[in-house]
Amino acid sequence: MKLEDSNLLRQQCYLNGQWVGGESDFPVRNPASGAELARVPRLGAAETRAAIAAADAAWAAWRSRTAKERAAVLRSWFELMNQHADDLALLMTSEQGKPLAEAKGEVAYAASFVEWFAEEAKRAYGETIPAVAADKRMLVIKQPIGVCAAITPWNFPAAMITRKVAPALAAGCTVVVKPAEQTPLTALALAELAHRAGFPAGVFNVITGDPVAIGGELTSNPTVRKLSFTGSTEVGRLLMGQCAPSIKKLSLELGGNAPFIVFDDADLDAAVEGAMISKYRNTGQTCVCANRLLVQDGIYEAFAAKLAAKVATLKVGEGTEAGVTQGPLIDADALAKVEAHIADAVAHGARVLAGGRRHERYREGGAFFQPTVLADVTPQMRVAREETFGPVAPLFRFKTEEEAIALANATEFGLASYFYSRDIGRIFRVGEALEYGMVGVNTGLISNEVAPFGGIKQSGLGREGSKYGLEEYLEVKYLCLGL
Ligand code: ADP
């Protein structure tokens, strides 16, 4: 890993404006080879408490700045991220595995939240309400919540941080971030750039270490007013429970089980293209990845054949190699889950149209898997109920629109969904009937900084990005004036 700016490789935590080590540390590995890239501190509850205290101490001055003053610092951070995009992408590919082109795309996507929220916080307008009596005046103002905690996953090591931290900082909150243990280097590089951008000490803190100890403190400490978490539903449920005694505000982006519906009237090539993007991006490791491809009877075989042919053109390898479109899975457990899902499906009658096994590069030490397409999949199989989080496209068959909607909604999750149709009536009917926070219609790519990202049902609470993402970090205060 050869960075242009070697100071972006940080092996200490960023707390209260200082770089801090610990008594012990843990390795960060390249998922393509298992090779150790760096070591970062294994901190715990005591250091988390200190970080929270620093964020609390920094809050009064930070919230007292105008939105425009805060935006200027955020803008510098945005520009530094763009200037160092190549290094950030290389760090990300090295610790996470995604192809370099995707990593660069994520850096731009991550930076876009910083730009957007710096602008948006200037527009956190209040209201005046027509009063109930002649001698009263009624006002609503918006104020930052306070110290916020962010716990983030490894699949988008930069964007999952900026999507939380940028609105928080823009609103006037201060933040303690705990990145995933697999991908702390991107988080620490972002902290280095934040330091250069000029955030005051304590406003933005990044702590690495024991998730249970750090998470325990972040969720129980009464100074923390809000937790924003992206990760599994299981851990989200646990953290929500831990936040209950101190009644913290919560934003949760949890698991999904996205349906991708292809109706007979779809543009077949566009649907195949959309499925490729939605399913195989980040080697199938995104929470909005198509998990179940529901294909109508009349177009099923044609869609299956075209998809399998396209999948065969994907190039598996280390993300830094030229032309690679599929990196490794994050670790051996992820690979084992993909294998278990395929074995279960095949045992219950599914056909393998492409892939189906570990990729030969697996022998070099990385969790490489062949991009896979399964046909004749049924709702009884594990792939129908659980998020696979890998490069497996299971194709279900349906006959009617009603059946497709019922199948699509038959899950406790409700994050992203997709469908392809050219019938305008159907587009409205299905778009409104899908029980999901997001619906992609004739597109497999829906995420950006200006739109509200989030789920319903057990996929979470709250929205990130857009004007709604800023509201998550603001409290509404009502002032009632007697004249
Ligand atoms: P994934 O399955 O994608 O790794 P997780 O929900 O396990 O998702 O992890 C998402 C984030 O939650 C990571 O930063 C991880 O360290 C953190 N995490 C996992 N378990 C806990 C826990 N018990 N308390 C606090 N944070 C946790």
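**Overall fold and selected sites**

Author: Of the 483 residues of the chain, 53% count as buried; a residue is buried if 20 or more other C-beta atoms, placed from the backbone, lie within 10 Å of its own, exposed if 12 or fewer, and partly exposed in between. This is a predicted model, in which local features need pLDDT of at least 70, side-chain atom pairs count only at pLDDT 80 or more, and totals for chains, interfaces and linings use all residues. Residues are numbered from 1 along each chain as its sequence is written.

Reader: How many helices and strands are there in the chain?

Author: The chain has 15 helices and 20 strands. Both are DSSP runs numbered from the N terminus, helices being H or I with at least four residues and strands E with at least two. The radius of gyration is 23 Å, close to the 23 Å of the globule rule for 483 residues, so the chain is as compact as a globular protein of that length. That radius is taken over C-alpha atoms, and the rule is 2.2 Å times the number of residues to the power 0.38.

Reader: And what box do the C-alpha atoms fill?

Author: Along the principal axes, the box is roughly 70 × 60 × 40 Å. As for contacts between residues at least 6 apart in sequence, 73% join residues at least 24 apart; a contact means that the C-beta atoms, placed from the backbone, lie within 7 Å.

Reader: Now the sheets. In what order do the 7 strands of the open sheet run?

Author: The order is β14-β15-β16-β13-β12-β17-β18, with mixed pairing. Two strands pair if DSSP finds at least two bridges between them. The edges are β14 (351-354) and β18 (438-441); each has a single partner strand, so one side of each is left without a neighbour in the sheet. Neighbouring strands are turned by 25 degrees against each other on average, direction ignored.

Reader: Is β12 covered or uncovered on its faces?

Author: Both faces of β12 are covered: Ala258, Phe260 and Val262 are buried on one side, and Pro259 and Ile261 on the other.

Reader: What about the faces of β18?

Author: In β18, Met438 and Gly440 make up the covered face, while Val439 and Val441 make up the uncovered one. Strand β17 (residues 416-420) is parallel to β18, with 4 bridges between them. Alanine 416 stands opposite methionine 438 in β18.

Reader: Changing topic: which residues come nearest to the ligand?

Author: Of the 14 residues around the ligand, Pro211, Gly215, Gly231, Ser232 and Val235 come nearest; a residue counts as near if its C-beta atom, placed from the backbone, lies within 6 Å. The elements that give two or more residues to the shell are α7 (211-220) and α8 (233-243). By class, the shell has 8 nonpolar, 4 polar and 2 charged residues. Here Ala, Val, Leu, Ile, Met, Phe, Trp, Tyr, Cys and Pro are nonpolar, Asp, Glu, Lys and Arg are charged, and the others, Gly among them, are polar.

Reader: Last one: is glutamate 387 buried or exposed?

Author: Glutamate 387 is buried, with 23 other C-beta atoms within 10 Å. It lies in the loop between α12 (382-385) and β16 (392-398). Not counting residues up to four places away in sequence, glutamate 387 touches Gly255, Gly256, Asn257 and Asn291.

How values were computed:
Axes fitted to C-alpha atoms, helices over the stretch in contact; angles between N-to-C directions. Contact = placed C-beta atoms within 7 Å.
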